[in-house]
Number of protein chains: 2
Amino acid sequence: MAKNSEVYRNPAEYYTDPENSIGYLARVVFRSFSRLLERRTLTHDVSAGQWRFLRQLWREDGITQRELSERVGMREPTTVVALKGLEKAGLITRKKTEDDRRKTFIHLTPHAKKLELVLAPMNAEIHEIATKGLSDAEVEMLQGLMRRVIDNLADETRKLAVLSDVKA
Amino acid sequence: MAKNSEVYRNPAEYYTDPENSIGYLARVVFRSFSRLLERRTLTHDVSAGQWRFLRQLWREDGITQRELSERVGMREPTTVVALKGLEKAGLITRKKTEDDRRKTFIHLTPHAKKLELVLAPMNAEIHEIATKGLSDAEVEMLQGLMRRVIDNLADETRKLAVLSDVKA
DNA sequence: TCCAATAACTTAGATTACTAAGTAATTGGT
DNA sequence: ACCAATTACTTAGTAATCTAAGTTATTGGA
């Protein structure tokens, strides 16, 4: 609520306060952003989830399912489900090679390629709305700070992964 | 990846780039944060989803289900399901009054109240990890910028809501 | 060369969220 | 005093995500 907190709080209480928790704030940013984006993409029958896979494929068409999962930040089973939907919607095709018969390569259909012109700018549009009133420097500051937070959390996650590897 | 982007991009391309999209970055922050938190809360059989409801109840015990939904930022059906789980786990009770028989008031059990001492600091702990290397000023800057983005997105959502009210 | 480990993907089942539509209780305008 | 609108909650059905446990193909060390 309050833009500037007038009261002093001890650290534990401070961070427990939803409005001050980075995790909570990030959740609200993500969901608000995502809902507005989906509202637009759905006019072309593309969900926000599918849009994320398409965005990656617009940049790198023909990568494997595994690579796509990594880039998008999803687990493989999630990708399987998403790709089923995209395949059904005629937006992607899967190709196997004799080279390594385990791999599946994902390709955009011509229709999906054309959709980039319409769908990609929608993200830019929401971005404009989200950053209204923020200077370029402030936007970069926000991006930079979020990246540092992401790096910190990734470091911690990595530490835990190493620990569980040792156990296993 | 890169902390500072060295290449100029036109706006559309710039914002389409996942690593620069506020929406994408917020998603990664939220999910990394959430996973680390859940890893801790699960040691007390509380999921991250449940934790969010408990956090609000620790601050305001005895509010209605509707109020709880709003505060936590979830829709009512989500709250219904979450409360079922919390009730089953013996963490909350529901109470009806004769005053207004539609309303259900949610109360923490003594056990859930005790859990605050253990579970609430876990968020603070993740927060410490997430903001490692950031000065107090930087943390406040990040919170402030995220709040401004949230306000911007909420304004837009409100506009759309008004439009659809007019139509209806 | 062979078999165990690894890699790529899939399936199954659970969780958490949503929208849309339903029920029951209350309120408010005529 | 009534009935239509609103409020509070629930139910039903769907989507997107996860973990755990498969299957099939490849690789690498004894």
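Biologist: Into how many nonpolar, polar and charged residues does the surface near DNA strand C divide?

Modeller: Happy to start there, with a note that this is a predicted model, where local features need pLDDT of at least 70, side-chain atom pairs count only at pLDDT 80 or more, and totals for chains, interfaces and linings use all residues. Residues are numbered from 1 along each chain as its sequence is written, while chains are lettered from A and ligands numbered from 1 in the order in which they are written. Ala, Val, Leu, Ile, Met, Phe, Trp, Tyr, Cys and Pro count as nonpolar, Asp, Glu, Lys and Arg as charged, and the others, Gly among them, as polar. On that basis the surface near DNA strand C divides into 6 nonpolar, 8 polar and 8 charged residues.

Biologist: Which of the 22 residues around DNA strand C come nearest?

Modeller: A residue is near a strand if its C-beta atom, placed from the backbone, lies within 6 Å of it. Of the 22 residues around DNA strand C, the nearest are Arg66(A), Pro77(A), Ser47(B), Gly49(B) and Pro77(B).

Biologist: Which element gives the largest share of the surface near DNA strand C?

Modeller: Helices here are DSSP runs (H or I, at least four residues), numbered from the N terminus, and strands are runs of E with at least two. Two or more residues come from each of α4 (65-72) and α5 (76-88) of chain A, and from α3 and α5 (76-88) of chain B. The largest share, 5 residues, is that of α5(B).

Biologist: And which element gives the largest share of the surface near DNA strand D?

Modeller: Here α3 (48-59) and α5 of chain A, with α4 (65-72) and α5 of chain B, each supply at least two residues. The largest share is 5 residues, from α5(A).

Biologist: Which element gives the largest share of the side of chain A that touches chain B?

Modeller: Two residues are in contact if their C-beta atoms, placed from the backbone, lie within 7 Å, and 51 residues of chain A are in contact with 50 residues of chain B. On the chain A side, α1 (11-16), α2 (22-41), α6 and α7 give two or more residues each. That side divides into 28 nonpolar, 15 polar and 8 charged residues. Its largest share, 16 residues, comes from α7(A).

Biologist: Is Thr131(A) buried or exposed?

Modeller: Thr131(A) sits in the loop between α6 (110-130) and α7 (136-167) of chain A, and, beyond four places in sequence, is in contact with Val139(A), Ile22(B) and Val149(B). A residue is buried if 20 or more other C-beta atoms lie within 10 Å of its own, exposed if 12 or fewer, and partly exposed in between, with C-beta atoms placed from the backbone. Because Thr131(A) has 20 C-beta neighbours inside 10 Å, it counts as buried.
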